[in-house]
Amino acid sequence: PAVHCPHEVAHFLVNGADMLLPGVRGADEAVAALSKGAPVCVRVFGNPAAIAVGSLAVDGVEIAAAVASPGSRKGVAITVEHVVGDALWRHCGRPLPNAGFNVDDDGGGSITVKPIDGVAASMAARAGAADVSELDAGLAASTLNAASKEAGGDAAGGA
């Protein structure tokens, strides 16, 4: 089973972070029935290849709630065990799963993961968005709203 995130979240995962609930934007239906500790993978919206594997840090119903109400949950969603770019990946010859993965060999080997056009359009349509950037804009808006509520204001900056 897989949990899905915007491509901006991938940067944090490949640099060693666990997957946080606010970054979860989608999940396979099977995830809701899983218990804490169950193995899952993380995928970027619009890219069918996993960027990380780990175990649920919460029950699957918490993941489903985070998907249903973006920005409403805090904490770790997935304890990440392996990511594209880690020691296991390097030991296996640095394979890139598809054209959405890019390694910047000139700048220290950082990895970026992007949607793949045909896949991205299909995923956006299923989510009711015009394109993946609209899904990403929803992430930014919900993150801003959640941060503003924590500070006691609204998304427009009021108090």
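**Core, sheet and cysteines**

In this predicted model, the largest nonpolar core has 30 residues, and those that touch the most other members are L13, M19, V42, I51, I63 and I78. Two or more core residues come from each of β1 (2-5), α1 (7-14), β4 (39-44), β5 (50-56), α2 (60-68), β6 (76-83), β7 (101-104) and β8 (110-113). The largest share, four residues, is that of β6.

With neighbours within four places in sequence left aside, I63 has contacts with V3, L21, V24, A27, V31, L56, V58 and A77.

Next comes the sheet. Six strands form an open sheet with mixed pairing, in the order β2-β6-β5-β4-β1-β3. At its edges are β2 (19-20) and β3 (26-27), each of which pairs on one side only. The pairing of β2 with β6 is antiparallel and runs over two bridges. L20 has V76 in β6 as its bridge partner. Across β1, β2, β4, β5 and β6 lies α1, which runs at about 115° to β1.

The cysteines remain. How many disulfides does the structure hold? The number is zero, where a disulfide would need a pair of cysteine sulfur atoms within 2.5 Å. Are C5 and C41 buried or exposed? C5 has a relative accessible area of 0%, and C41 has one of 12%. Buried means under 20%, so C5 counts as buried, and so does C41.

Technical notes
Residues are numbered from 1 along each chain as its sequence is written. This is a predicted model: local features need pLDDT of at least 70, side-chain atom pairs count only at pLDDT 80 or more; totals for chains, interfaces and linings use all residues. Side-chain values use heavy atoms; hydrogens and water are left out. A nonpolar core is a set of buried Ala, Val, Leu, Ile, Met, Phe, Trp, Tyr and Cys residues joined through side-chain atoms within 4.5 Å. Buried means under 20% relative accessible area, exposed over 50%, partly exposed in between (1.4 Å probe, protein chains only). Contact means heavy atoms within 4.5 Å. Two strands pair if DSSP finds at least two bridges between them. Axes are lines fitted to C-alpha atoms, for helices over the stretch in contact, and angles run from 0 to 180 degrees between N-to-C directions.
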